[in-house]
Amino acid sequence: MSVEPHANGDVESAAGRSVFVYEGPVRLWHWVNALCIVTLAATGYVIASPLPTVAGEASANFLMGYIRFAHFSAAYVFAIGFLVRIYWAVVGNHHARQLFLLPVADAAWWSGLFHELRWYLFLEPTPKKYVGHNPLAHFFMFLFVTVAGVLMIFTGFALYGEGKGLGSWQDALFGWVIPFLGGSQAVHSWHHLGMWGIVCFAIIHVYAAIREDIMSRQTMISTMISGVRTFRE
Amino acid sequence: MVETFYETLRRQGITRRSFVKFCSLTATSLGLGPAFAPKIAHALETKPRTPVIWLHGLECTCCSESFIRSAHPLAKDVVLSMLSLDYDDTLMAAAGHQAEAILDEITKKYKGNYILAVEGNPPLNEDGMYCIHGGRPFVEVLKETAKDCKAIISWGACASWGCVQAAKPNPTQAVPVHKVITDKPIIKVPGCPPIAEVMTGVVTYVLTFDRIPELDRQGRPKMFYGQRIHDKCYRRPHFDAGQFVEQWDDDSARKGYCLYKMGCKGPTTYNACSTVRWNGGVSFPIQSGHGCIGCSEEGFWDKGGFYERVTDIKQFGVESNADKVGGTVAAVAGVAVAAHAAVSALKRARSGSGAGKTEQGDR
Ligand code: HEM
Ligand code: HEM
Ligand code: SF4
């Protein structure tokens, strides 16, 4: 995979011009992924701090079991989605690759990042226009979706392998994570911190998407729905 | 001519009948089928006896205490007879120079052919002066004795992971055995102490089959450390149902619900307590109403409170855990977002038409 000179996607653009940016699989993945993460964070939180005790016979209840089932099912969707998304980064258009590549060697990308940061600090009157992700968003997406996603998948499947037992494929592939991070309890802690990282990202991400949709010179939310970015001026 | 195990046992006054019983008992406790009993008997009758040297470093002797309380008197007698002739400074009859002479003799006579069992661990600070064995730093004795051994059994959390003497800040720089001896096969039998039946099971396996049992990634015998307490806990149905002890002495505690919320470390601890249990299968911590403290896990003293499910993270302040750290950051993020939105709205209202005009230099 080569990093394209304009992986950051800045363009010369005229008002009203529309560009097709996010292909179907990327958009589908985005919404499926967002749903998974909400499910995983909610169920994960109550796995660590369970709901109040339920009354009745143990045999008549399976609350924790269902919660864990929901977590693990969403986890599979999340992990498989992640793999499919990597596949699409290889075969899709260059915007599909953005999520997995940080153009750290590109000075223009860095200056764009600081411009965006100043825009968020109200120090710039206007944001720049981008066909793909703006550099600031790109940076945090890479950190809290790509890197944190890998962390969650590795620690998550390592924990899952503990239940599946020695010799399961989860244990064979990810079991090494447990001694590597210093034991099962430590893996729980990393997995847990990872959740908070992603939750913080999601809060800011959703806010930024709505804000940019209103205040910047290009469409945002509709872009993630239809795939088409329209410039307003 | 070196004696076989059988000859030693007979000389110690153990009857043939007891010996055969012991073989079937061992086959069972190791999880092998009945067909293995004669194989064990045959091995013990024909194989030359492998001596075991049992060294004590920085420790509290709880491993020995556990070991000699092995539930089945038969197993205990036999296993002790297998060991007692050789060197164990706590259990042997000899003392002083006489005892040290035995150590010397075994390591020479059985060069490359004896098992070294280590209880406790060597402290390295001040050239090892925090643990003296027969007038010398224990770490030296350990290295010397390990040089010609066939394999090492690391008894307990001390020898396997370091345990309390290696807990932060570890002033004596106590380290587990595998940090000092790197060229010998090491069987870790962690626990504080390990379960007696697990200890005798491991010794018997090594001595009868003349090989080390199958180990997991961290060097523990799979047959005893292959599953977590949580996987075989009899309170597990209450966990799955969502029925927890919320406070000591509440109604749930009386009903015997799951101790997860009281910080039970069963879900992160590999040991056989929930199957083998303690004191001859009488009970184990969870059965007595207290959560597992995870004593067979690496660094369990430094893994947060025994009564907290989510571990404290010391780096983030005196006492904090992932929820407090994450919750705080998320709350800050939420407030920041709200404030930012307010300022954005204000700016937008003031400038009238929202975003400014096209800026030069856009690419
Ligand atoms: C964004 C993704 C994810 C989030 C936010 C998340 C969140 C959480 C949280 C907060 C916990 C509780 C941790 C603790 O005990 O302190 C947890 C537990 C767990 N998660 Fe995840 N998780 C994610 C992905 C995954 C994945 C991909 C897997 C893979 C199968 C997974 C498997 C598990 C397992 C096995 C547990 C332990 C359950 C138990 O102890 O009963 N998670 N998760
Ligand atoms: C209501 C919720 C959400 C909305 C409205 C939303 C909106 C958007 C928008 C508009 C974009 C495109 C940004 C651009 O054009 O530069 C985007 C991209 C993205 N969002 Fe979200 N999002 C939501 C939830 C989430 C969540 C929960 C996550 C995961 C933590 C997430 C992860 C991402 C990622 C990784 C991208 C980049 C997609 C790619 O390059 O393939 N989003 N989102
Ligand atoms: S008491 Fe502990 S080991 Fe038993 S089910 Fe509950 S959490 Fe698991």
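Start in chain B and select residues 52-56, strand S1, together with residues 114-119, strand S3: the two pair in the parallel sense over five bridges. Strands here are DSSP runs (E, at least two residues), helices are DSSP runs too (H or I, at least four), and both are numbered from the N terminus. Two strands count as paired if DSSP finds at least two bridges between them.

Before you click on, a word on what you have open. This is a predicted model, in which local features need pLDDT of at least 70 and side-chain atom pairs count only at pLDDT 80 or more, while totals for chains, interfaces and linings use all residues. Residues are numbered from 1 along each chain as its sequence is written, chains are lettered from A and ligands numbered from 1 in the order in which they are written, and side-chain values use heavy atoms, with hydrogens and water left out.

**Still in chain B.** Pick B:Trp54, and you'll find B:Ala117 of S3(B) opposite. Now show the whole open sheet: five strands in the order S2-S1-S3-S6-S7, with parallel pairing. Strands S2 (87-88) and S7 (186-189) are at the edges with a single partner strand each, so one side of each has no neighbour in the sheet.

**Next, the iron.** Select ligand 1 and find its iron atom. Which residues hold on to the iron atom of ligand 1? A:His71 and A:His191 coordinate the iron, each through NE2, at 2.0 to 2.1 Å. Donors are N, O and S atoms within 2.8 Å of the metal (3.2 Å for Na, K and Ca); water is not among the atoms, so sites may look incomplete. The two histidines sit 120 residues apart, A:His71 in helix H2 (residues 63-91) and A:His191 in helix H8 (residues 184-215) of chain A. A:His71 is buried, at 11% relative accessibility, and A:His191 is buried as well, at 17%. Buried means under 20% relative accessible area, exposed over 50%, and partly exposed in between (1.4 Å probe, protein chains only).

**Now where the chains meet.** Colour A and B separately: 61 residues of chain A and 54 residues of chain B take part in the contact (heavy atoms within 4.5 Å). Then zoom in on B:Arg217 and A:Asp171, a salt bridge with its closest N and O atoms 3.2 Å apart. That term means a side-chain nitrogen of Lys or Arg within 4 Å of a carboxyl oxygen of Asp or Glu.

**Last stop.** Select A:Phe20 in strand S1 (residues 18-20) of chain A. A:Phe20 is partly exposed, at 45% relative accessibility.
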